[in-house]
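Here's a quick briefing to read alongside the model. Take a look at the fold first, then work through the points below.

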Amino acid sequence: DVAVITVVDYAVHEVSFYDEDLNLVKVETVNGGEVINPSELASSNVWYPVNSDEAAEEAYVVDSDLAFFAVSSVKEINSVSDLKNISNDLDGRYVLGDSLDLSGINWEPIGTKSKPFTGRLNGKAKSIKGLTINRSSSDYVGLFGYAQGANIIALRLNINTVEGHDYVGALVGHAARSTVTAVSVTGDKVVGTNYVAGIVGDLNIGTITATFSTVDVEATGDYVAGVVGDLDLGTVTATFSKGDITTTGDYVGGVVGHSTLSTVTAAFVYGRIHGGDYVGGVVGRLRLGTVVATFLHGRAYGDSRVDGIVGGNLFGISVLNFADGLGFLAF
């Protein structure tokens, strides 16, 4: 199906097309009342929001199975205030227009369990630095606290200390049916109790692709890792984690603490991983999933079920993985 766009406001002279990651695809110069047929842009399962330089809310697409958006819904983030205002439109489409500094702010996470972030953010390879969160008694802590059906790409995130209770990640505390792509996390450390990780505390159905984290992770409970603490029905691909992972709890991994029906592929871990039961250099515990082409340069330590790649494997597949550091039992 191909959408037909009719420019109904005669003040509109340019219509811009964005792909699903909010990258600008094409700009058409048109006259009012002129019909645009973007057949060369459309493809299966791809949507293009529509933008105009004036009266964007007038430029709508009708009778299409593709999901189009007027540019009024594609908002540019140029200040800390703009970033905070995402909480007022959690389903919005956003692009980061400039790098931001959050130093000196005890950040309030965007999105809660009752009102999750459901939109899209394209960082455009710009940075948000100085993220500090001191909320040791709060759950769902991160730049975004709770995300559902969200898409976050091309963001450079630098943190000081991000501290919460359960579901703590530098980028997102808990995410469901969401994607994280080309995101880096650098800086100091992430601290919490359960479901604590360098990027996403807990991911239920989703993907994490082309990411790296160079922060330490400290916890006192279970499901702790360098990238995602607990991964259910998800994938982690092409990721790098450098940092020490430390907890007294169980299910601890350099990339994923606990993985269920999920895939971890092309991951590199550099650091030391300390935990209780089910401690792995890459994945703490694997249930009915796969771990393929991963590498550990470091050590994994724990009380029981410790391994340089996968601490415990229940009907999972682990192939083409290497470790130049073994797993050690702590005495």
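**A charge over a ring**

Lys-242 sits over the face of Tyr-270, 5.2 Å from the ring centre; that label needs NZ of Lys or CZ of Arg within 6 Å of the ring centre and within 35 degrees of the ring normal. Keep in mind that this is a predicted model, where local features need pLDDT of at least 70, side-chain atom pairs count only at pLDDT 80 or more, and totals for chains, interfaces and linings use all residues. Residues are numbered from 1 along each chain as its sequence is written, and side-chain values use heavy atoms, with hydrogens and water left out.

**Overall build**

- The protein has 31 strands and 1 helix, taken as DSSP runs numbered from the N terminus (helices H or I, at least four residues; strands E, at least two).
- Of its 331 residues, 53% count as buried (under 20% relative accessible area; exposed is over 50%, partly exposed in between; 1.4 Å probe, protein chains only).
- Take the contacts (heavy atoms within 4.5 Å) between residues at least 6 apart in sequence: 75% of them join residues at least 24 apart.

**Nonpolar cores**

- A nonpolar core here is a set of buried Ala, Val, Leu, Ile, Met, Phe, Trp, Tyr and Cys residues joined through side-chain atoms within 4.5 Å.
- The largest one has 65 residues, and Leu-83, Leu-143 and Leu-171 have the most contacts inside it.
- Strand 14 (residues 172-192) gives the most to this core, with 6 residues.
- Another core, of 7 residues, lies apart from it and includes Tyr-140, Tyr-146, Tyr-223 and Tyr-251.

**Aromatic pairs**

- The whole structure holds 9 aromatic pairs, meaning rings of Phe, Tyr and Trp (its six-membered ring) with centres within 6.5 Å; planes under 30 degrees apart are stacked, over 60 edge-to-face, and the rest tilted.
- Tyr-140 and Tyr-167 are stacked, because their ring centres are 4.8 Å apart and their planes are at 15 degrees.
- Tyr-140 is in the loop between strand 10 (120-134) and strand 11 (144-148), and Tyr-167 in the loop between strand 12 (151-163) and strand 13 (168-169), so this pair ties together parts 27 residues apart in sequence.
- Tyr-167 counts as buried, at 19% relative accessibility.
- Phe-240 and Phe-268 also make a stacked pair, with centres 5.4 Å apart and planes at 10 degrees.
- Phe-240 belongs to strand 19 (residues 228-242) and Phe-268 to strand 23 (residues 263-274), so parts 28 residues apart in sequence are tied together.
- Phe-240 counts as partly exposed at 26% relative accessibility, and so does Phe-268 at 29%.
- Tyr-140, Tyr-146, Tyr-167, Tyr-195, Tyr-223, Tyr-251 and Tyr-278 form one aromatic cluster.
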